[in-house]
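Let's take a quick tour of a protein model. Have the sequence and the 3D view open while you read.

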Amino acid sequence: MIGVFSRSFANTVVQRPCHVTVLGEEYPTDHMTNISPTIVSKLPLKLHTQPSHPLSTLRALIESHFPSYAHLSSLSPLVTPYQNFDLLSFPADHPGRSVTDSYYVNKDLMLRTHTSAHEVEVFGRGETKWLLTADVYRRDEIDGSHYPVFHQTEGARIVSANLAGMKEIEEDNERLAAHLERSSIEIEDVPHLSPANPCQPAHDPKHTELIAKNLKLSLNSLMLHLFAGRVGATAQNPLKVRWIEATFPWTTPSFEVEVFFRGKWLEILGCGVIYQPTLDNANVADKLGWAFGLGLERIAMILYSIPDIRLFWSQDPRFLSQFKQGEITTFKPYSKYPACFKDVSFWLPEGQTLHENDFCDLVRDIAGDVVEDVKLIDNFTHPKTNRKSLCYRINYRSMDRSLSNDEANSLNAQVVSCLQDRFRVEIR
C-alpha cells in the first residue's frame, strides 16, 4: 500500500503519495513535492529529437551554424536545486525557487527550469564551445503562448584570459565582422560596457569588450542565418536586429536581442558575459566567455506561423505531415473548432489561498491539451465575512476535433470535483 502525507499548496492542505515514479525510478515525496501526472507523462517525449518535428529542425538549424561546437541534447531533466539555482548565483529569495514556479520531485530533486542548470557540469568536463538543447519545466498559466514544458537551446564559449585567448577572439571577430559587412543586416547596437551594464570586478575591461563583441557578432550572424530568408532580406530591405541592455543573475554585462519581423520587434534571446563564479564553480581557471539562451517554441511559432503552443505536442497527422526535417514551411491551419467556455466559481476555506498555477495544473491533469486557456475573471472578498471567492473561466477547445458541450460539461464536472477534494473549496 502506498502511504500518503499532507502537503500544503499555497496554504491549502492536500494529500500526496509517499512516493512518485519519474522516468522509471521511484522517489520519496515530501513537503516540496508538486510534480503532476501530466508533467511526468511529458518527460520521455523530447520533441527536439523527433525527426521532422519543427523543434528538431530548428535545433539542427542552430547547430549547423556552430559546426565546431559540441552538440548536446540528451541530459536528464532531473537536477538538484543546487545545480539549478545556487551554482548560478541565484539569490536565496529568487521567485523561481518557489513551489508555485518550479516542479519539485522532493526538496532535493527538481525538474530543470532552464538549460543553464547544466552549465557548470558541461564546463567542468572540459567543453569550451558547446550547444545544449533540452526540455525545461516551469509552472505557468494556460493560454496559446504558455506551456509548462518548453525547449531551450543554450550556447556558450570560453577562452583563456591571456594573450593567446584574446588573439583567438580578435581573429574570430574579424572573420564575423567581414561576413556581416557583406550581408543584408542592419544592427542597432548598445555599448559593450556601460555604468548600468558593467564589467565584472574579476575581469579585465579590455578582455570583456572583446568577449562581448564576439558574442554580438556570433549572434548577429545567427539571427541572419535564422531570419534573413524568412523576411526576404535585401540590401534595400535588410534584416533589422537590435540589442538592449538587460540584467540576468548569471551574466554581466547582459543583453537581449530583438528582430524586426512582420512589422514588429520580437524578443528572441538573452545573453551576456558569463558570471565568473559560475566558471569558478566549474573549476575552470583563468577563463572567461559568453553564453546565450533562446526558447525554441517562441522562434518556431514565428518561423512556421504556428498559432498555438499546444500544437507542438499534437500527434494529429494533419499537423505532423506538414513538416520535413531540415525545411521551414508555413503551417496551414486544418481546423478551428468552436470554443466552449465554462466558469468555475468557489469560496476558499477560511485563511487559505490558491495559487493560479495550482489551479492550472489541476485543469491540465484532467483535461490536458483540450483546454486552450484559463482566465481568472473574478476575485471577490466578502465585506462582512472576509471570505474570499475566485471565479475562473476555462475555454475548452480541441485542436483536432469538435468538442461537444456534453464532453465539456463532463470535463468541467471532473475539475469541480477534484477542486473540492484537493483544496476543500465550496462551489458557488
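This is a predicted model: local features need pLDDT of at least 70, side-chain atom pairs count only at pLDDT 80 or more; totals for chains, interfaces and linings use all residues.

Which residue in β18 does F341 stand opposite? F341 stands opposite N395.

**Confidence**
- The protein chain has a mean pLDDT of 93, and 96% of its residues reach 70 or more.
- Residues 1–10 are another story, as pLDDT stays under 50 there.
- The model still has 43 contacts beyond four places in sequence for residues 1–10.

**Strand β16 and its partners**
- β16 covers residues 340–347 and is mostly covered, with 6 of its 8 residues buried.
- With β18 (residues 388–396), β16 pairs in the antiparallel sense over 8 bridges.
- β16 also pairs in the antiparallel sense with β19 (residues 426–427), over 2 bridges.

**Helix α2**
- Helix α2 has 12 residues (54–65), and at 1.5 Å a residue it should span 16 Å.
- The end C-alpha atoms of α2 are 17 Å apart, which agrees.
- Buried residues in α2 include P54, L55, L58 and I62.
- In an α-helix there are 3.6 residues a turn, so residues three or four places apart point the same way.

**Cysteines**
- You'll find 0 disulfides in the structure.
- For C271, the nearest cysteine sulfur belongs to C199 and is 16 Å away.
- C271 is buried, with a relative accessible area of 2%.
- C418 is in no disulfide either, and the nearest cysteine sulfur, that of C360, is 13 Å away.

Conventions. Residues are numbered from 1 along each chain as its sequence is written. Side-chain values use heavy atoms; hydrogens and water are left out. A disulfide is a pair of cysteine sulfur atoms within 2.5 Å. Buried means under 20% relative accessible area, exposed over 50%, partly exposed in between (1.4 Å probe, protein chains only). Helices (H or I, at least four residues) and strands (E, at least two) are DSSP runs, numbered from the N terminus. The expected span of a helix is 1.5 Å times one less than its number of residues. pLDDT is the predictor's confidence in each residue, from 0 to 100. Contact means heavy atoms within 4.5 Å. Two strands pair if DSSP finds at least two bridges between them.
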